[in-house]
Amino acid sequence: MVNRRLTVSKRMRELLSYDKFAGDETRILILQSQYWLDSACIHAARDLGWTLATVPVPLEGVLPRASLEELLRTLGEFKPDFILSVNLSGMDVDGLFAGLFEDLQIPYVTWFVDDPRTIIMGNSAFASAYSVALTWDAAYVDYLGSVGFPAVHHLPLAVDPHVFNAEPADTWVFPPTFVGNSMISFAEREWAWLEDHAKLADAVRHAFDEGSVTRERFGQGLDAMLEGGLLERLDADQKRHAELLMFVEGTRRLRRELVEALAPDGLEVRGDEEWRRVVPGARGAVNYVEDLPGFYRLCEVNLNVTSIQMPSTVNQRVFDCPAAGGFLLTDAQAELGELFDLEQETACYASIDECRDLLKFYRGHSEARRRIASNARRRILSEHTYAHRLRALEAIVKERFGC
């Protein structure tokens, strides 16, 4: 199948025929949607002294005409060294922009911080000779290569120190808490969609009943979780909904298990209203930018349970909480030891029983909490900020496309 192409005039080709990374400062164009990562990368680019331009794009859906005009005007006037998009935001489903950037010989990078299979749906139109795909979890590297991306790299999350940056407190105000969405509404929505597809719904229920929906198998894909030849009979949209359901329902179960098990030990919950169906005393959500940094810092213990869509990597909380001066008790993801000293900079559990024991221990040892939080914060600010990640990204793109 030949991908559709936008017509590019000779004048536009001449206007955008320039050497990349030829100047003293890197020039980055960010397609800015509503992802937290957009703002973090904007802050990081400014910290690095890069020259920055942004174009607003929708989180999902078609780019409005006005935004398209702004994108084309910005390309001509700003002349970026490369373009950055998060989760393909702003990129049309037909791959027209990917083709346009290739025709104009402008590198574009898309950084996936959610399951790329449910975003790409097997469509190879997003890949081109001028594209680079990043994934926050290495489990998706092979998939991104299989849909045509010629350059695929693993790049984990980090912290935005403009938001999360404080020394650990001497005292705490809040009890041990889990802050996060219950995933109940998301799961119910996907179950409702699946009810119109009886065979698929039965297969998904069977996968959960048999314990086939695990982080490890999720990373391998639907064929590792669904039995028989069902997968071959599903279209792209059915596969997407099945995988979304396994993600949200699997994560819902993990979070509910943690909360129900530790509620008798004093764990509180902050999040959406549906949490009250699990824990009647659950309280409201904590605003990510305005309130969460201070909450992390003043919470006795912050609990973490990683989403099932992350087979090996760590989530945003692992960086945000310690950087804000908070103490984190997290599940033992495989990549944790690659990013931190497990003995000096983390407190992690491998089971609910171990989590309960560690929660009891650390509640009684405030100095140990403070020491680990301080050590983790030091590591994060020295190695795991989004400025560090953009430096790594710059090296990747410059090596491939630099003059």
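Start at the lining of the largest cavity: its residues divide into 10 nonpolar, 3 polar and 1 charged. Here Ala, Val, Leu, Ile, Met, Phe, Trp, Tyr, Cys and Pro count as nonpolar, Asp, Glu, Lys and Arg as charged, and the others, Gly among them, as polar.

This is a predicted model, where local features need pLDDT of at least 70, side-chain atom pairs count only at pLDDT 80 or more, and totals for chains, interfaces and linings use all residues. Residues are numbered from 1 along each chain as its sequence is written, and side-chain values use heavy atoms, with hydrogens and water left out.

**Stop 1: the cavity**

Select Pro322, Leu328, Glu345, Thr346 and Ala376. Of the 14 lining residues, these lie nearest the centre of the largest cavity. Now colour helix H12 (316-323), strand E10 (328-331) and helix H15 (366-383), the elements that give two or more residues to this lining. H15 supplies the largest share, 3 residues. Helices (H or I, at least four residues) and strands (E, at least two) are DSSP runs, numbered from the N terminus.

The cavity's volume is about 100 Å³. A search of the whole structure finds 1 cavity of 30 Å³ or more. On a 1 Å grid over the protein atoms alone, a cavity is a set of points where a 1.4 Å probe fits but cannot get out; a pocket is an open set with protein on both sides within 12 Å along at least five of seven lines; lining residues have an atom within 4 Å of a point. Points are joined across faces, edges and corners, and a volume is the space filled by probe spheres set on them.

**Stop 2: the second largest pocket**

This pocket has a volume of about 310 Å³. Select Arg117, Tyr143, Leu222, Lys239 and Glu243, the closest to its centre of 14 lining residues. Helix H5 (117-120) and helix H10 (236-262) each give two or more residues to the lining. H10 gives the most, 4 residues. The lining divides into 5 nonpolar, 4 polar and 5 charged.

**Stop 3: the sheet**

Show the open sheet of 6 strands, order E2-E1-E3-E4-E5-E6, with parallel pairing. Two strands pair if DSSP finds at least two bridges between them. Strands E2 (51-56) and E6 (152-154) stand at the edges, each with a single partner strand, so one side of each is left without a neighbour in the sheet. Zoom in on E6: strand E5 (131-135) pairs with E6 over 3 bridges. Thr135 stands opposite His154 in E6.
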